Amino acid sequence: MREIQRIAVLGAGNMGGALIGGILKAGMARPDQIVATTRSAEHASEVAERFGVRATAGMNREAAAESDLVILAVKPSTLGKVVEEIREVLHEGQMLLSVAAAVPIKLIEKLAGRRMPVFRAMPNIPVVVEEGATAVSANSVATIEDRALIEKIFRAVGVVCFVDEEAMDAVTALSGSGPAYIYMVIEALIAGGLKMGLSHEVSTRLAEQTVLGAAKLVRETGAHPAILRDQVITPGGVTISAIHELERHGLRAMLISAVETATNHSRSRTKALLEQARE
Ligand SMILES: NC(=O)c1ccc[n+]([C@@H]2O[C@H](COP(=O)([O-])OP(=O)(O)OC[C@H]3O[C@@H](n4cnc5c(N)ncnc54)[C@H](OP(=O)(O)O)[C@@H]3O)[C@@H](O)[C@H]2O)c1
């Protein structure tokens with residue numbers, strides 16, 4: 001695998017911080033090999049204290065100049081400004097990894113102004129508890145060794161798969177935004193428990209564990225969820241009466257439409273950004 005001596009994490013917020021944690025946990029770098037940047041000095045001190053890494057407010061250029069891997073973890077609206085800031089110091093042997101939602105590789109390449117390995121990843125927020133779901137795309141310059149390195153970073157914070165960049169809008173709609181849908185499901189299950197007289201504490205504990213356990217069973221058995229659902233149903237029983245209600249209100253159709261609508265929304269944003277890359 002490619003040897004990395006120094007890593008810069010530009011924008012060590014929720015996502016950047018989670019990646020620093022994952023990199024350290026995976027033993028891919030020591031704290032003294034990582035430099036992180038934030039906007040505010042206060043947040044930089046917090047990051048330095050939490051991970052034992054060097055962290056500065058701004059100074060993206062200095063951080064990028066000395067690193068082999070530059071992780072762009074600022075908000076998509078700030079990405080252009082940050083890449084322009086570091087453009088002059090980018091050099092041979094470096095790689096760029098962006099986690100900015102919707103920003104196409106072509107635009108990053110154009111902003112960077114040189115041919116270099118560029119990765120675009122779409123992680124989701126459970127990376128902060130090392131249960132993220134991440135999809136990654138790479139440009140044609142990236143080698144198998146480069147890909148293995150990026151894969152290792154995201155494996156340290158959950159599961160990872162490589163996809164063609166065209167799939168990123170659907171990925172964003174499914175797993176990028178997905179935690180928000182599941183929070184709504186958990187919230188509604190808690191409310192159901194409360195309505196039926198369970199305490200807040202008991203409802204919350206049972207609802208969260210039900211979602212976690214059901215997901216774990218899908219993963220560990222490899223069975224289709226419909227098979228697992230059928231195993232919970234007793235003819236004429238309680239579960240089928242609830243499933244009838246869920247079908248009547250269109251739960252599955254709603255979720256399919258949610259992913260479809262979010263994909264289309266993401267596609268229109270991507271299209272506008274791709275046009276910007278062509279200008
Ligand atoms: N959160 C998610 O679920 C999720 C999922 C997939 C992808 N992403 C992507 O991850 C990226 C970061 O999102 P986030 O949720 O981690 O946001 P966040 O917590 O707000 O992190 C952004 C970080 O960027 C820093 N920053 C702002 N301007 C900067 C500058 N000029 N130079 C250096 N650092 C600067 C901020 O510093 P301060 O703390 O000092 O303000 C903050 O630490 C976004 O592009 C987003 O699309 C997020």
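Start with the second largest pocket, which holds about 810 Å³ of space. A pocket here is an open set of points on a 1 Å grid over the protein atoms alone, where a 1.4 Å probe fits, with protein on both sides within 12 Å along at least five of seven lines; lining residues have an atom within 4 Å of a point. Points join across faces, edges and corners, and the volume is the space filled by probe spheres set on them. This is a predicted model: local features need pLDDT of at least 70 and side-chain atom pairs 80 or more, while totals for chains, interfaces and linings use all residues. Numbering runs from 1 along each chain as its sequence is written, and side-chain values use heavy atoms, without hydrogens and water.

Now select Gly11, Met15, Ala73, Val74 and Lys75: of the 31 lining residues, these lie nearest the pocket's centre. Next, colour α1 (14-25), β2 (34-38), α4 (76-86) and α7 (168-176), which each give two or more residues to the lining. Which element gives the largest share? That's α4, with five residues.

Move on to the ligand.

Finally, show the polar contacts (N or O pairs within 3.5 Å):

- Gly13: a polar backbone atom, 3.2 Å from a ligand oxygen.
- Asn60: a polar side-chain atom, 3.0 Å from a ligand nitrogen.
- Ala101: a polar backbone atom, 2.9 Å from a ligand oxygen.

How values were computed. Helices (H or I, at least four residues) and strands (E, at least two) are DSSP runs, numbered from the N terminus. A polar contact is a pair of N or O atoms within 3.5 Å; within protein, one must be able to donate a hydrogen and the other to accept it, and residues adjacent in sequence count only if both atoms are side-chain atoms.
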